[in-house]
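Here are my notes on the protein you asked about, written as numbered points. Keep the structure open while you read and look up each residue as it comes along.

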Amino acid sequence: MAEQQDQPEQQAKAEQVEFNIQRVYVKDISFECPTSPTIFKKEWAPEVSMDIDTKSQKLEDNVFEVVLTLTTTAKVGEDVAFLCEVQQAGIFSVGNLEGEQMAHCLNAFCPNILFPYARETVSSLVTRGTFPQLNLAPVNFDALFQQAVLRKQAEEAKLDS
């Protein structure tokens, strides 16, 4: 009887999601100030935009590299004050996930972990460029992932019709 009770426990343990952060690192950094020094003479009222991209690749069984790319551009009028691009990466061990759960982990959960590091790096680079501190707003990667899934489904529906 004790053996029968142990089997469900062993199955539950075997099916638990495995997740570990092996490493978080900067893969690439770029900071450009193409209109310096004239931009420093202008009144500082920038229009700031941010583009986000995530990519992942399998390194080995249950080990993935996830790269979050933030491209931040500040313009004063038509002039680009600065362009800052940060590729923040991480190596993650992920086990016992498949399909949409794995996609969600790699495209939403892992970028959520990487974003604070990328945000701090952007802020530091902007400050080192002698511009006022820039604090990027939080990003809802779960919502971005859901939008991407819905967009893909809509595209597939168009192809099928």
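1. In what order do the elements of the protein run from the N terminus on? The answer is α-β-β-β-β-α-α. That makes three helices and four strands in the secondary structure. Keep in mind that this is a predicted model.

2. Next, the overall shape. If the 161 residues formed a compact globule, the radius of gyration would be near 15 Å, but the protein has 21 Å. Along the principal axes, the C-alpha trace spans about 80 × 45 × 25 Å. Turn the model around on your screen and look for the direction that goes with the 80 Å span.

3. Now for the surface and the charges. The accessible surface comes to about 10,600 Å², and carbon and sulfur atoms hold 48% of that. Of the 161 residues, 32% count as buried.

4. Start with β2 and β3. Strand β2 covers residues 47-60, and strand β3 covers residues 63-76. The two run antiparallel and are joined by 13 bridges. To find your way along this pair, look for Asp-51, which stands opposite Thr-71 in β3. The hairpin of β2 and β3 has two residues between the strands, and Asn-62 there takes a positive phi near 65°.

5. Then go on to β3 and β4. Strand β4 takes in residues 79-95, and it pairs with β3 in the antiparallel sense over 14 bridges. Two pairs of residues make handy landmarks: Glu-65 has Ile-91 in β4 as its bridge partner, and Ala-74 stands opposite Phe-82 in β4. This hairpin, too, has two residues between the strands, and here Gly-77 takes a positive phi near 65°.

6. β1 and β4 pair in the antiparallel sense over 13 bridges. Look for Ile-21, which stands opposite Phe-92 in β4. So in β4 you can find a partner for β3 and for β1, because DSSP finds at least two bridges in each pairing.

7. Which of these strands are covered? In β3, 13 of the 14 residues are buried, so the strand is mostly covered. In β4, 12 of the 17 residues are buried, so this strand is largely enclosed by the rest of the structure.

8. Leaving out residues up to four places away in sequence, Cys-84 touches Ser-30, Phe-31, Leu-70, Thr-71, Thr-72, Val-122 and Leu-125. Thr-71 is 13 residues away from Cys-84 along the chain, yet their C-alpha atoms are separated by 5.7 Å.

9. Most residues other than glycine have a negative phi, and most peptide bonds are trans. Against that background, check the bond that joins Ser-36 and Pro-37: it is a cis peptide bond, with omega about 0°. Pro-37 lies in the loop between β1, residues 18-32, and β2.

10. Where do you find Asn-96? Its place is in the loop between β4 and α2, the helix of residues 99-128. Phi of Asn-96 is near 65°, a positive value in a residue other than glycine. Asn-96 is partly exposed, because its relative accessible area is 37%.

11. Finally, look at Thr-130, in the loop between α2 and α3, the helix of residues 141-160. Thr-130 also has a positive phi, near 65°, and is a residue other than glycine. With a relative accessibility of 60%, Thr-130 counts as exposed.

Conventions
Residues are numbered from 1 along each chain as its sequence is written. This is a predicted model: local features need pLDDT of at least 70, side-chain atom pairs count only at pLDDT 80 or more; totals for chains, interfaces and linings use all residues. Side-chain values use heavy atoms; hydrogens and water are left out. The radius of gyration is taken over C-alpha atoms; the globule rule is 2.2 Å times the number of residues to the power 0.38. Buried means under 20% relative accessible area, exposed over 50%, partly exposed in between (1.4 Å probe, protein chains only). Accessible areas come from the Shrake-Rupley method with a 1.4 Å probe; for residues, only the protein chains shown count as cover. Contact means heavy atoms within 4.5 Å.
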